[in-house]
Amino acid sequence: MMNFVRAGLLVLLAVIQSAGQDIPKGYFAFPIYPGKPNSLSGVLGDLRSTHFHAGLDIRTQQREGLPVSASADGYVYKVGVQRSGYGNVIFLKHKNGYSTVYGHLKSFSGALGDYVRAEQYKAQTFEIELFPDSAQFPVKKGETIALSGNTGGSGGPHLHFEIRDRHNNYVNPLAFGFSEIPDKTPPVFGSLALRPMNIDSRLEGQIDRKTFKPLKLSDGTYKLAATIKAKGAVGIELQAHDLMPGTGFKHGLHCIEVKVDGEEIFVFKLDSFPARPSRYYNNLIDYAAHRNGEGRFLKCYEPEGNDFRVFRTDDFNGIIHVSAGQSKNVEIRIYDSFNNSAVLKLILEGENEPEEKPVTAPVPAVKAVETWAEHTGNVLKVTSTTEGENLSAVFYGKEKEIILEPSYRQSNRSVYLLDLTSFSPDSVQIADRTIPLYYKVSVPAGKAFVYNDDTAGIRFSEGSLFTPLPLSLNKEFNVLTVNNQNIPLKEDIEISYRPGNIPADKKYWAAYSYDGRNYGYLGGRWQGDSLIFRTRQLGKFVPMADSVGPVVKILVNSPNAVRARIYDELSGIDTFRLKVNNEWVLMNYDYKTQLIWSEKLDNQKPFDGELLLEVTDKAGNNTILRTEIKKPKK
């Protein structure tokens, strides 16, 4: 099935493919009711909001408390409790060098549970990560190690289950032959997007990315309704998913193959992938489409700045080049982990160069009716509806201006295209309309870079950017806008913002991101009149004051248990601490339900005396409740 185009790519994928070459089928048992039919709500490679899903989400009958069994003989080498992420989690090491991970657990079994609770009390902390000695907690295949739950970042009760190889790569658990999960249903094509890859490329005469809905034919294959006119370099982006019987969940694909005129140009095959920072994934999907609510489209080409190798390509990085008069037959085949497949065929037809029109005197423009600007990658697109044709656009920058004729026309609209790597305009004028652009400089990728002006300073590390960034910076009132949230960052950047009009007492003031609906706490520190903070995304930032403490409501107060609801309206919950009779008490926390509840070190000892509950938000405000433990009425 796989026809390698470049021998060198074998080296690039050596680590990723190694786990799939010698899968010990039958070695691992299914961790939930082994031997009985089950179903999944997630598989390896699902396109999640910030990452490829790293294992299986095994359904647990929409409830908590199912026994979770060890998949093979081994020992507990790590165990943890997290607010988000895995929640309560166990890591087992096995004799064959593999490890398994069990996440979102309700509780740990027996001696392991006692050990974790004792260590939480010793450290006086809810969140904890522990590394027991290899002889401390041995396990046998099929032994119950925990109960399934809904802790951490889960979206409902289930067991998150991973298999990792000796290099800590995530390996596809479905390759190990679990009979509990049958599947003969082929995957499904959702939407296909085609993207012009540079300033000279076109689709249907335009530079815009275009989305198409494939048609499913009676024989089960897919096609596009019409031939697509194209010119220059074109990239394919795919939205497709797998289906499994008995569920309505949409799963990620195991493999994607793209061929052009019978030659393989791109293969994505997720047998395994390395544990890398999740933000690397944002460069492999169309991040802007995802942010704009169009869903997650996987790029079927190698994007600029990528070093997360989960695919191989031809010598053109999977990008299709279409010349005038050419016809390119494209075939996309998708597979699930059970080798069920579906195929989509389409045709790209090379556009002829437009005939040159005789030069005529321009029609004077009375006014520009509407003008707007947007940029994709390093190409700025300015569109203007005017009362005249053949109008020039004048782009102004520092001590420089550029005059451009329209790159093409769309009905009564003129489209101007500018390469932002060579020029950073702060405004553009068309006819009587001038619009601000706010571009300052082109920030290089792969190099440390610092930009400063009267409003803000931005510090980029060598690893901050996937691709060069046309930096746009604007302050309106006290809101700082840095480009927009449609551009992914590889690593954090540091911003030093001078907002002005901030009170002398800055104790509760911090930086927040704003996406048009919600504020996200970023924190930061003040240095003079500058608010210095770090962010993992671009967009809008605003300094705000949070001087109101968290809301705390005691729900249960008894000698047997303490339970409360805690939440904060702005900055969010940072810490919580319960003491009864001046002794620290472990409080479990579920941020999804805003609940905390006690877990005693000694269940035989009743709570008695003063109850002191202190909850602090991220801005440093705290709420303290003091009361007496309520004794049962006699």
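Mentor: We start with a definition: a salt bridge is a side-chain nitrogen of Lys or Arg within 4 Å of a carboxyl oxygen of Asp or Glu. Note also that this is a predicted model.

Trainee: Which residues are linked in a network of salt bridges?

Mentor: Side chains of opposite charge can pair when their charged atoms come close. By the 4 Å rule the count comes to 28 salt bridges. The network of salt bridges links Arg195, Arg209, Glu237, Asp286 and Glu294.

Trainee: How many residues apart are Lys381 and Asp208?

Mentor: The side chains of Lys381 and Asp208 meet in a salt bridge, at 2.4 Å from N to O. The pair links distant parts of the chain, with Lys381 in strand β27 (residues 379-386) and Asp208 in the loop between β13 and β14 (210-212); the separation is 173 residues.

Trainee: Is Lys381 buried or exposed, and what about Asp208?

Mentor: The cut-off for buried is under 20% relative accessible area. Lys381 falls in that class, and so does Asp208: both are buried.

Trainee: What is the distance between the closest N and O atoms of Asp271 and Lys269?

Mentor: Asp271 is buried, and so is Lys269. The two form a salt bridge, and their closest N and O atoms are apart by 2.9 Å.

Trainee: Asp57 and Arg48 also meet in a salt bridge. Which class of accessibility does Arg48 have?

Mentor: The N to O distance of this pair is 3.1 Å. Asp57 has a relative accessible area of 5%, so Asp57 is buried. Arg48 has a relative accessible area of 25%, and therefore counts as partly exposed.

Trainee: Let us turn to Ser201. Why does Ser201 count as buried?

Mentor: Ser201 lies in the loop between β12 (188-196) and β13 (202-203). Leaving aside neighbours within four places in sequence, Ser201 is in contact with Pro196, Gln206, Ile207, Lys231, Gly232 and Ala233. Ser201 counts as buried because its relative accessible area is 0%.

Trainee: Which side chain makes a polar contact with the side chain of Ser201?

Mentor: A polar atom of the Ser201 side chain lies 3.0 Å from a backbone nitrogen, that of Ala233. For a contact between side chains, the distance is 2.8 Å and the partner is Asn198.

Trainee: Now the sheet. In what order do the 7 strands of the open sheet lie?

Mentor: Strands of a sheet pair through backbone hydrogen bonds, either parallel or antiparallel. In this open sheet the pairing is antiparallel, and the order of the 7 strands is β45-β46-β49-β48-β47-β50-β51.

Trainee: Which are the edge strands?

Mentor: An edge strand here pairs on one side only. Neighbouring strands of this sheet are turned by 25° against each other on average, direction ignored. The edge strands are β45 (551-557) and β51 (622-628).

Trainee: Which helix packs on the sheet?

Mentor: The helix in question touches β48 and β49, and its direction makes about 120° with that of β48. It spans residues 110-123 and is α3.

Trainee: Which residue of β49 stands opposite Arg565?

Mentor: On the β45 side, 6 bridges join β45 to β46 in the antiparallel sense, and Lys553 has Arg565 as its bridge partner in β46. Strand β46 (residues 562-567) also pairs with β49 (residues 595-599), over 3 antiparallel bridges. There, the residue opposite Arg565 is Leu595.

Trainee: What is the phi of Gln594 in the turn between β48 and β49?

Mentor: β48 (residues 583-590) and β49 pair in the antiparallel sense over 5 bridges, and Asp590 has Leu595 as its bridge partner in β49. The two strands form a hairpin with 4 residues between them, and the phi of Gln594 is positive, about 65°.

Trainee: Is Asn339 buried or exposed?

Mentor: Asn339 is found in the loop between β24 (327-335) and β25 (341-350). Its phi is positive, about 70°, although Asn339 is not a glycine. Exposed means over 50%; Asn339 has 53% relative accessibility, so Asn339 is exposed.

Trainee: Finally, what share of the 634 residues counts as buried?

Mentor: The secondary structure of the chain comes to 4 helices and 51 strands. The C-alpha atoms fill a box of roughly 100 × 65 × 40 Å along the principal axes. Of the 634 residues, the share that counts as buried is 50%.

Methods:
Residues numbered from 1 in each chain as written. Predicted model: local features only at pLDDT ≥ 70, side-chain atom pairs only at ≥ 80, totals over all residues. Heavy atoms only, no water. Buried < 20%, exposed > 50% of the residue type's maximum accessible area, 1.4 Å probe, protein only. Polar contact = N/O pair within 3.5 Å; in protein donor to acceptor, adjacent residues only side chain to side chain. Contact = heavy atoms within 4.5 Å. Pairing = 2+ DSSP bridges. Axes fitted to C-alpha atoms, helices over the stretch in contact; angles between N-to-C directions.
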